Amino acid sequence: MSNNKKSPYKSINTPICDFLDSYTAAGTIRLHMPGHKGKGDAESSDITEIYGADSLYEANGIIAESEKNAGEIFGAHTFYSCEGSSLSIRAMLRLICIYAYEKNEKPTVLAARNVHKSFISAVALQNIDVNWIVPNSQENYLTCKLNSQDVINHFSSLEKLPTALYLTSPDYLGNVTDIKGIAEVCHKYGVLLIVDNAHGAYLKFLDKSIHPIDLGADMCADSAHKTLNALTGAGYLHVSKHAPEIFSQKAKDALALFGSTSPSYLILQSLDKLNPYLKEEYQSNLSAFCDKLHTIKSALESSGYVFLGDEPLKFTIDAKKYGYYGIELAQILRKENIETEFADKDYLTAMFTPQISDEELEKVKNVLMSIPQKEPIIDLSPHFHLPKVAMPVYEAYRKPSEAVALREAIGRTVAETNEGCPPAVPIIVAGEIIDENAVKTLEYYGKSEISVIK
């Protein structure tokens, strides 16, 4: 939905697209940024905050109008991000700080451990105290599927409740947490619920919505490029209409604190153009596509594949149970010109959207079906282990650091959290003490050195 053609939809307007079309057609001599002056294939819509184009963080014109359209679709106060969910996550945590400071409290967040590294940078920048919550059944580092009883048990054990509970759902492997049940618990205890829903913007448009805002979350971050068809970097910050009013009042300020002063109008245009598609056609397309995926998944399961997760648009294969490492399956698919989202020793993750044709779906199924099943690989991945904490995340980031070999790091304190993306989920976090379990886990995932405090 990112090209500059006339939208076929009529139910909702596209003010950003209309402005860019009009401005381009006028042939204006551009004595403003950017330097390409609109001369090129996509460059004609790549502008800056000129007269009439509005300004993302002070929006009161076409951007505000487009955001209002998006908010009506999602049932929330919705704000655009041109820097993906990472910016929205930092903004959500800024709003949690503002809320706590209004109550003369230090902001504290209880978080499920499988956070994206943008969460870590946000708490480091804002001096937020973080505690971790994991279920009793926690097995790996990418999943932290809590239920409402887990949260009740944890809240009941605390002398002081946190300002907010932070969840990542869906997670990278496609597990969806019981947001509705947990939201009810949070509201009962007076704790805010915020959700990293980067992989789940489309959940709003299932036959029955399981989008976090509809299930009771106070705020959530969505990526519009991961599962919807906007340009990379397009994202949303959604604030529930039932959340504290200060969140929607201060949302733009929070986004501006961390966001670039040069947001991309190509990304804004793609978000704007997405609105009528979401309103008119997407839900029916998504429903039909999910049915096709379910049929393919059932066929693959009948052939011996084992899947993790319950997210409809994601296939996560437990590769070892089929006799392969996930990386091996990815290489086989790559030779057939099929590239997946993520692979490691344990898993292969593929992300689908209705933009994938029936022919492409059939090819994916046939290639997977053609891979012969082998004896399961008995090579257990490291069991989840929560290290001891030496100091808060924000304090560790302020200390001088050095890189050392893993085996030399045992007993030292982690200085920086720097996990690659994907999946960008930390094994050990800044401020934690490196022990034998952490070293074995890092070695399993191919790490050889780590940044520690001098």
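This is a predicted model: local features need pLDDT of at least 70, side-chain atom pairs count only at pLDDT 80 or more; totals for chains, interfaces and linings use all residues.
Which residues are linked with R407 in a network of salt bridges? The network is made of R407, E436 and E443, where a salt bridge means a side-chain nitrogen of Lys or Arg within 4 Å of a carboxyl oxygen of Asp or Glu.

Residues are numbered from 1 along each chain as its sequence is written, and side-chain values use heavy atoms, with hydrogens and water left out.

The secondary structure of the protein chain comes to 13 helices and 13 strands; these are DSSP runs numbered from the N terminus, with helices being H or I of at least four residues and strands being E of at least two. The C-alpha atoms fill a box of roughly 65 × 60 × 45 Å along the principal axes. The radius of gyration, taken over C-alpha atoms, is 23 Å, which agrees with the value near 22 Å that a compact globule of 454 residues would have, the globule rule being 2.2 Å times the number of residues to the power 0.38. Buried residues make up 56% of the 454 residues, where buried means under 20% relative accessible area, exposed over 50%, and partly exposed in between, with a 1.4 Å probe and protein chains only. Of the contacts in the chain with a separation of 6 or more, 71% are between residues 24 or more positions apart, a contact being heavy atoms within 4.5 Å.

The interior can be followed through its nonpolar cores, each a set of buried Ala, Val, Leu, Ile, Met, Phe, Trp, Tyr and Cys residues joined through side-chain atoms within 4.5 Å. The largest core has 105 residues, and among these F119, Y236 and F247 touch the most other members. Helix α9 (residues 265–302) gives the most to this core, with 14 residues. Leaving aside residues up to four places away in sequence, F119 touches I89, L93, V109, A111, V130, W132 and Y166. Apart from this core lies another, of 22 residues, including A112, L167, A183 and V191.

Four strands form an open sheet in the order β8-β9-β11-β10, with antiparallel pairing, and two strands count as paired if DSSP finds at least two bridges between them. The edge strands are β8 and β10 (342–343), each of which pairs on one side only. Two bridges join β8 to the antiparallel β9, and the bridge partner of F307 in β9 is I317. Helix α9 packs on this sheet, touching β8 and β9, and its direction makes about 10° with that of β9; the axes are lines fitted to C-alpha atoms, for helices over the stretch in contact, with angles from 0 to 180 degrees between N-to-C directions.

Side chains of opposite charge can pair when their charged atoms come close. The structure holds 15 salt bridges. In one of them, K145 pairs with D310, the closest N and O atoms being 2.9 Å apart. That pair links distant parts of the chain, since K145 lies in the loop between β3 (129–133) and α5 (148–157) and D310 in the loop between β8 (307–308) and β9 (314–318), 165 residues apart. K145 counts as partly exposed at 36% relative accessibility, as does D310 at 40%.

Another salt bridge joins D358 and K292 at 2.8 Å, N to O. Because D358 lies in helix α11 (residues 358–370) and K292 in helix α9, the pair ties together parts that are 66 residues apart in sequence.

R407 is in the loop between β12 (401–405) and α13 (436–444), and E443 is in helix α13, 36 residues apart. R407 is partly exposed at 43%, and E443 counts as partly exposed at 35%.

Some backbone details remain. Most residues other than glycine have a negative phi, and most peptide bonds are trans. The peptide bond from S169 to P170, however, is cis, with omega near 0°, and P170 lies in the loop between β4 (164–168) and α6 (179–189). D54 has a positive phi, near 70°, and is buried at 12% relative accessibility, whereas N104, with a positive phi of about 60°, counts as exposed at 74%.
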